[in-house]
Amino acid sequence: MSSNLAKINSEALPDGGERYVLTGDWRNHSVSAVLKDLDQFQKSGEQGKVEIDLSGISAIDTAGAWLIRRLMTAKSGEGREASLSGGNGTIEELIGALPETTPAPPAPAADKRSFFERVFTPPGKLVYEVGSDFYAAMNILGSAVRGAQLKFGRGAGVSPASVVTHIDRMGVRAVPIIVLMSFLIGAIIAQQGAFQLRYFGAEIFVVDLVGILQLREIGVLLTAIMIAGRSGSAITAEIGSMKMREEIDALTVIGLNPIGVLIFPRLVALTIALPLLTIIANFAALYGAAIVALLYSGITFDTYLSRLHEAIDHTSIASGMIKAPFMALAIGIVAAVEGMKVGGSAESLGQHVTASVVKAIFAVILIDALFAIFYSAIDF
Amino acid sequence: MADEQQTIEKSAKDDRQVVLSVRDLTVGFGDKIVLDNLNLDIYRGEILGFVGASGTGKSVLMRTVLRLLPHRSGAIEILGANYEKASDEERIALDTRLGVLFQHGALFSALTVKENIQLPMREYLDLPQSLMDELAYVKLEMVGLPPDAADKYPSELSGGMIKRAALARALALDPDLVFLDEPTSGLDPIGAADFDALIAKLRDTLGLTVYMVTHDLDSLFSVCDRIAVLGQKRVLVEGTLQDMFEFDDPWVQSYFRGKRARTVVTNENQPPADAGPTDAGK
């Protein structure tokens with residue numbers, strides 16, 4: 001970059017008025033040196049005509065040309081005649097190509113709302129948002145159930161290949177992480193439980209603790225949370241980017257229901273995959289607990305199994321497993337709703353993926369709580 | 001500068017300053033060689049139109065020149081500097097002298113048009129915000145966008161407006177060399193003609209050098225000083241429109257003397273030298 005900075009000097013003309021002599025590089029990286037002087041010249045209260053001498057300018061671009069244009073406009077605004085001299089034709093042409101003024105920056109709009117409005121608008125908006133989210137979720141659920149059949153008799157309602165692909169992506173490929181996580185959770189619960197129960201000499205009851213806790217609550221809950229983070233985000237990102245690139249619109253005009261084509265297979269796949277993953281998670285956790293029970297409390301596998309057999313029954317397993325499909329549906333619907341809300345920008349995609357995961361996890365925990373209330377009410 | 005440009009058309013090649021020189025460039029992906037020992041020169045102040053059938057590697061060449069793709073061999077010299085041998089400072093200095101208009105605009109979707117235009121200024125120039133605002137409006141005016149487009153997001157713009165806004169961003173730092181990837185595709189004929197006129201005007205006033213990938217015959221005939229044709233993994237022919245008419249290659253012949261081209265040429269009152277039955281060679 002040249003260090004030939006822009007300069008401006010003023011000299012009086014013999015017949016009144018002034019001449020501004022411009023020298024140096026009037027390019028965008030070298031004009032900042034002249035801005036202060038230029039401001040002064042722009043405000044100077046002299047009279048008479050103004051002549052701007054361009055002959056000393058060694059290089060110019062739009063930034064420099066705009067500064068000259070602005071100076072001329074300011075001088076003409078004062079009622080003084082401004083003219084250019086000494087240019088080589090190109091500079092004048094460039095200056096002539098620029099607009100005389102640019103629109104003034106809009107004044108920041110004053111917040112005219114009252115204190116009451118400002119306080120209560122955000123929560124009000126939030127309530128409406130929750131309401132519209134609920135409608136959107138019901139719309140997706142309804143379209144998923146009904147939409148898949150709207151194919152005018154062309155083949156089956158559900159495309160099995162798509163469902164299988166999604167089960168593979170959301171279920172089978174999640175197995176390693178689910179196994180590892182559940183194994184560790186089972187081991188941790190067993191160790192903490194054994195440590196506390198040791199005071200009472202009731203270490204054997206750690207088996208009851210792990211069995212019931214894992215099968216009724218933890219197994220399905222943690223698996224669902226993991227899937228919400230893993231697959232819910234993926235669904236939102238996929239559908240969101242398809243929305244951004246008008247692929248959803250393309251499906252609509254081809255005559256396919258985007259919800260039936262895109263979302264229904266994912267919902268079906270999730271609803272199948274999550275219960276299966278929960279079973280795997282339960283096995284892994286009970287296995288982890290058995291190992292800790294053996295190493296930490298000296299409970300042999302035989303004792304562990306016979307104690308487990310007494311502690312749990314079909315209801316323990318069923319009460320946990322029943323929750324899984326509901327949680328899977330909630331994850332899928334929340335992810336789809338957020339995906340359909342993605343707007344035109346990359347930023348909005350990120351926001352909605354985040355919102356999808358947060359809302360899905362919240363929904364999963366809420367469902368778990370509702371089931372807990374329900375089970376205690378019916379004494380299940 | 002003006003005289004220099006006016007004499008460019010027919011002057012001897014030696015007099016002109018080479019802005020971009022590509023020597024023996026080979027680019028390939030896996031087993032497939034896309035460009036093989038390609039040579040190309042662009043001279044200061046000219047508008048080079050680049051044509052070629054779809055899939056011949058026009059975009060690959062542009063992306064390689066811009067260092068978005070690696071090349072296997074050959075040398076690329078931009079504005080007298082070899083990018084690979086340049087120091088970090090020189091590379092940054094070089095980057096500020098290039099402007100690129102991507103085919104789909106590539107405006108940053110999270111920023112308004114004004115912020116898009118100001119992004120390079122903010123990073124590279126030491127100018128007050130008020131002046132950057134004014135300059136952004138000046139650029140918008142130059143590319144023919146209304147001032148109220150400044151505060152819109154790219155997703156709120158039409159296709160033609162995106163092209164113009166992207167051009168405004170490409171011109172933000174007043175680059176010496178501008179790459180345009182199909183600037184007039186997707187514009188209506190009047191908008192496209194305006195765009196061509198705009199590019200010619202910017203070349204004349206700012207002394208830009210323009211590398212334009214285009215399929216628009218109107219653009220080729222009206223604003224391009226020289227045309228280069230990419231085919232068979234190299235530059236088949238480069239030269240004036242007249243050279244294109246005289247070049248003996250079926251694709252070039254049908255491109256420049258096909259039915260569509262004839263219509264344009266007749267309208268421009270530039271009949272081909274020896275018009276004959278021309279749709280030969282498909």
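This note comments on one helix of chain A and on a sheet of chain B.

1. The model is predicted: local features need pLDDT of at least 70, side-chain atom pairs count only at pLDDT 80 or more, and totals for chains, interfaces and linings use all residues. Residues are numbered from 1 along each chain as its sequence is written, while chains are lettered from A and ligands numbered from 1 in the order in which they are written.

2. Helix α5 of chain A spans residues 160-170 and has A:His166, A:Ile167 and A:Met170 buried (20 or more other C-beta atoms, placed from the backbone, within 10 Å of the residue's own; exposed means 12 or fewer, and partly exposed lies in between). These residues sit on the same side of α5(A) because they cover an arc of only 105° around the axis, taken from the directions from the helix axis to the C-beta atoms. The face turned away from the buried side carries the exposed residues A:Pro160, A:Ala161 and A:Asp168.

3. The packing partners of the buried residues of α5(A) are α7 (206-244) and α9 (258-297) of chain A. Contact requires C-beta atoms, placed from the backbone, within 7 Å. Helices (H or I, at least four residues) and strands (E, at least two) are DSSP runs, numbered from the N terminus.

4. In chain B, four strands make an open antiparallel sheet in the order β2-β1-β4-β5; strands pair if DSSP finds at least two bridges between them. Because β2 (32-43) and β5 (81-82) of chain B each have a single partner strand, one side of each is left without a neighbour in the sheet.

5. Strand β1 (residues 18-29) of chain B is joined to β2(B) by eight bridges. B:Ser21 has B:Asp41 of β2(B) as its bridge partner.

Conventions. Contact = placed C-beta atoms within 7 Å.
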